[in-house]
Amino acid sequence: MKFDGRKAFRVKMDHRQPVNLMGSDGTWRRNCVLLDVSQTGAKVEVEGTLDVLQAKEFFMLLSSTGLAYRRCELVWIDGTTAGLHFVTAHGKKKQASTPAAATQSSAQAK
């Protein structure tokens, strides 16, 4: 579903989906509930203090073992709710890929 004038489609969670936010150095961790998610970011409800979210980057752990995760930056905070932006390994925003773009990339590589 596309709302709030966003470029990426967001999926709202019908059930409480627990996730964790963790500092990139592993020194802090916060329990959260995933409210919605898109290819470029997410909205979470954070339990506990939000002061640690001021870090440059942190991880959103999607599994209890930490094997599924996304690297994030804080975009906004409103009470206990926070907006996160997913970053790639190169530090740039992750771009949505389209079938046409993938075809063009394949053609240029040949």
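Tutor: The model is predicted. A strand here is a DSSP run of type E with at least two residues, numbered from the N terminus, and two strands pair if DSSP finds at least two bridges between them.

Student: What makes E1 and E4 a pair?

Tutor: The criterion is at least two bridges. E1 and strand E4 (residues 58–61) share four bridges in the antiparallel sense, and therefore they count as paired. One of the residues involved is Gly23, whose bridge partner in E4 is Phe58.

Student: How do you know that E1 also pairs with E2?

Tutor: Strand E1 (residues 11–23) and strand E2 (residues 29–37) run antiparallel and are joined by eight bridges. At least two are required, so these strands pair as well. Pro18 lies opposite Val33 of E2. Five residues separate the strands of this hairpin, and Gly26 has a positive phi near 80°.

Student: In what order do the strands of the closed barrel run?

Tutor: Six strands form the closed barrel, in the order E1-E2-E3-E6-E5-E4, with antiparallel pairing. From one strand to the next, the twist averages 45°.

Student: Why is Cys72 called buried?

Tutor: Buried means under 20% relative accessible area. Cys72 has a value of 0%, and is therefore buried. Cys72 belongs to strand E5 (residues 69–78).

Student: Which residues are in contact with Cys72, leaving aside its neighbours within four places in sequence?

Tutor: Contact requires heavy atoms within 4.5 Å. Beyond those neighbours, Cys72 is in contact with Lys56, Glu57, Phe58, Met60, Leu84, His85, Phe86 and Val87.

Student: Which residues have the most contacts inside the largest nonpolar core?

Tutor: That core has 17 residues, and those with the most contacts inside it are Leu21, Val44, Val46, Leu53, Phe58, Met60 and Leu84. At least two core residues come from each of E1, E2, strand E3 (41–46), E4 and strand E6 (81–86). Residues up to four places away in sequence aside, Val46 touches Leu21, Arg30, Asn31, Cys32, Leu53, Thr80 and Ala82.

Definitions and conventions. Residues are numbered from 1 along each chain as its sequence is written. This is a predicted model: local features need pLDDT of at least 70, side-chain atom pairs count only at pLDDT 80 or more; totals for chains, interfaces and linings use all residues. Side-chain values use heavy atoms; hydrogens and water are left out. Axes are lines fitted to C-alpha atoms, for helices over the stretch in contact, and angles run from 0 to 180 degrees between N-to-C directions. Buried means under 20% relative accessible area, exposed over 50%, partly exposed in between (1.4 Å probe, protein chains only). A nonpolar core is a set of buried Ala, Val, Leu, Ile, Met, Phe, Trp, Tyr and Cys residues joined through side-chain atoms within 4.5 Å.
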